[in-house]
Each structure stands twice: as structure tokens, then as C-alpha cells.
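Hi,

Here is the structure I promised to pass on. Have a look at it first, and my notes follow below.

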Amino acid sequence: MTAVEADLAAGFAATIAAGDRIEPRDWMPEGYRRTVVRQVAQHAHSEIIGMQPEGAWITRAPSLRRKAILLAKVQDEAGHGLYLYSACETLGVSRQDLTEQLISGAQKYSSIFNYPTLSYADVGTIGWLVDGAAICNQVPLCRTSYGPYGRAMIRICKEESFHQRQGFELLATMMRGTDEQRAMVQESVDRFWRPALMMFGPPDADSPNTQQSMEWGIKRHTNDELRARFIEMTAPQAAALGVTLPGNDLDWDEFWRVVKGGGPCATERIAHRKQAHDDGAWVREAATAFAAREPREPQEPRGAAR
Amino acid sequence: MTRSEWPLYEVFVRSKRGLNHVHVGSLHAPDDALALRHARDVYTRRSEGVSIWVVRSDAITASSPDEKDPLFAPSGDKVYRHPTFYDIPDDVPHM
Ligand SMILES: [Fe+2]
Ligand SMILES: [Fe+2]
């Protein structure tokens, strides 16, 4: 390490130690940049792939009210993906590379989205438990050390509360319905509870990167801490709904199998994303050609930015 | 197929009358008009804004990120520009 590098490294360490944020053009260790890129990309991909399990029910919503809500929720998830991609791009990665790495499997997304949605109750359960777990994970990330990531998380957290509440309300409505509807809710919760707990990642003992990520202020809590907090927050909500939460025993072999692309819907999710991207190619090309047209039509004066 | 991406735009939103436009993030768009349209969809889905500016990221000139940038040095030693520099007796009102 040269004297200049040592000086830069000391400046970085001092910023982290003071609890200040690292901004895009600051010097940062290569490992820090790599870790933030990996985490933010994985997070962005999860928002984008996460549109699919619920999006599949938009055309089959039971009422116009539920349809409008679900449409708005899925649209928010697209927005979350875009905030996070733009945060990731501040570190010099291109959007195109990110999309390609998702499609090739080089970058991962949350294993929860590799499970199927079998009934409309799943829309409620995902809002309540999956968005609920995401909130638990994301609130501390508003204080993450990388500035653009933290700012994206603040925008996202403001919108997530609606997601969780609409899910809970949907389930509560079904619980006031028939025995068959109550059974649908319980069956859905039974299927999603353990996968939702796995959203916090492997146990601390098997999470080798956690220590370094916490020293760098990228992560603020360990996986097991957040998981325990989520279980504690969810118990009274389940009681209010009148559903029973299955046990908290988790099958980590299944977790690793799903993370590595072995989930029931993994192939379908990536194939769908790839097709959507390929189908949009002509739109991107046409818009690019239109923007480059010659001679430019005289533009109406738009007025100075004031 | 082309490898080149749509250019990057920075987005600024005025949340309500009387406030400045504030930087909220960025997005890709083929041209200025579509950048504005996309900015509306991505950054103002809940009436977060009454006015949006978009500007191509490559049109922005920025100072060096270092806080010790000599650009800011001239203001560092001018404590007399701050009101707290001056001693005023406690019994002098309205100052
Ligand atoms: Fe989200
Ligand atoms: Fe959400």
C-alpha cells in the first residue's frame, strides 16, 4: 500500500467509524465496493422477480378493489427495483450488465420468490409475511453506510407499509368469511411461514460475510437477530388474525437448494424475466432511433429550470 | 442488438410550492421528454411532487468528493462570518 492509499484507507475508516455515509465518488476498498454491489444487485433483482408470483393474480383478482390494490403494489415493486438499480449503478456497474447477470444466474435474488402462489390467499400472505419480513430487514438498512443504498431504502420503506397492511386486511377479510376461506388462509400461512423466515438468510454461524459487512456498516444486524425480531413482531398479528403459525424449525438444506436455483419456480421466473426483456428490445431500439433522428425537429422552449 | 444503453438522467423533485427541487435518484431514458415521463412514474406515484427537473448526468459538473477539497478551504478560516463569533451582553434583547 502506498502512502496515498494508506491515507485514503484511513479516511474511509474514519468516515465509517464516525457513522457517516460513503458517497459514490469517495475512495473505498475494493471489497466494500464488491459487497455493496452484490447486496444491492441481489436486492434489486428480488424486487423485480418479486413482481411475478403476485402479478400472476392481477387478471384473476376477486374484485375491482383488490385488483386496483394489487396492481399498485406490483407497480411499487417495479419502482423499488429501479431505485435500487440506480443506487447500484452509482458504483460503476451498468444496468445492462445487471440484467444480464440476473438472467445468467450469476447474481441471485431472494429464494422466497421461487415458491408458487396457489390461491388468492397467497396474495394476502405475501403482503403480510413476505413484505413484513422485508420491512424488518429494510428498516435498519435505511442507516446503511453506502449513501445511495440508504436513500433508496428510505423511499422503499415508506411504500412497504401499504404492502403489508393490504395483505393483512385481505387475510382478515377471508378469516371473517366461510370455513373454507379460513382453511385457505391457514393453508397459505403454513406454506409461506418457513420460507419467509429463511428470507433473513442462513444462520449467523453459516454467514461468513456478515462480520465484515457489519464492520463496514453495510449491515446493521445479523440474520438471526432480525429473524428473531420478526418472529416476535408477527406472533400477536397471527393471534389477531386467528391463524396458527407453524414451528420455527427450518430446513437449511432446502434453503441452499432453493438459493442455488432449485426452487419449484426458479426456471420459470428467469425465463419469464428473459422473455419480458427480449420482448422489449424493439421498444428500446425504436426509442433510441427516435431520439437520434436527424434533423432534430425544433423543440418547444421548455423554459430554464427555476 | 446494440450494447449501448439509454443515457442516465438525474431527477429532481419539488415536493410542494415554496420548497427547492431536491435530488431523488436517477433513471435511463432515450431523450428528455421520456426522461420526464419516466420520472413521473418512478418517483411520484403518490403525489410526492408538484414539479420535476431531469438533467442528463453527463451534463453535471461536480466538485471533488474530498471534504478537504481546497475549493472549500477559503471559508474554513472565516469564523467572523458566523453570528456566534460576536459577544453580545445577555441583557441586550432581540439579537
Ligand atoms: Fe419492495
Ligand atoms: Fe413490497
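**The metal site**

With angles of 82 to 155° among its four donor atoms, the iron ion (ligand 1) has an irregular site. Keep in mind that this is a predicted model. The protein donors are Glu47(A), Glu77(A) and Glu160(A), each through OE, plus His80(A) through ND1, and they lie 2.1 to 2.3 Å from the ion. Along the chain, these donors follow the spacing E-x29-E-x2-H-x79-E. His80(A) belongs to helix H4 (residues 64–89) of chain A and Glu160(A) to helix H7 (residues 147–175) of chain A, so this pair ties together parts that are 80 residues apart in sequence. Both His80(A) and Glu160(A) are buried.

**The rings**

Over all chains, the structure holds 13 aromatic pairs. One of them is Phe255(A) with Trp256(A), an edge-to-face pair at 5.0 Å centre to centre and 80° between the planes. Phe255(A) is buried, at 5% relative accessible area, whereas Trp256(A) counts as partly exposed at 32%.

In chain B, the ring centres of Phe12(B) and Trp53(B) are 6.3 Å apart with their planes at 50°, so that pair is tilted. Phe12(B) lies in strand S1 (residues 8–14) and Trp53(B) in strand S3 (residues 51–56), so the two tie together parts that are 41 residues apart in sequence.

Back in chain A, ring pairs link Phe12(A), Trp27(A), Tyr32(A) and Trp216(A) into a cluster.

**Charges over rings**

Arg60(A) lies over the face of Trp57(A), 4.0 Å from the ring centre. The charged end of Arg155(A) sits over the ring of Tyr83(A), at 5.1 Å from its centre.

Cheers

Terms used:
Residues are numbered from 1 along each chain as its sequence is written. Chains are lettered from A and ligands numbered from 1 in the order in which they are written. This is a predicted model: local features need pLDDT of at least 70, side-chain atom pairs count only at pLDDT 80 or more; totals for chains, interfaces and linings use all residues. Side-chain values use heavy atoms; hydrogens and water are left out. Donors are N, O and S atoms within 2.8 Å of the metal (3.2 Å for Na, K and Ca); water is not among the atoms, so sites may look incomplete. Four donors count as tetrahedral if all angles lie between 85 and 135 degrees; four count as square planar and six as octahedral if opposite donors are over 155 degrees apart and all others between 65 and 115; anything else is irregular. Helices (H or I, at least four residues) and strands (E, at least two) are DSSP runs, numbered from the N terminus. Buried means under 20% relative accessible area, exposed over 50%, partly exposed in between (1.4 Å probe, protein chains only). Rings of Phe, Tyr and Trp (its six-membered ring) pair if their centres lie within 6.5 Å; planes under 30 degrees apart count as stacked, over 60 as edge-to-face and the rest as tilted. A charge sits over a ring if NZ of Lys or CZ of Arg is within 6 Å of the ring centre and within 35 degrees of the ring normal.
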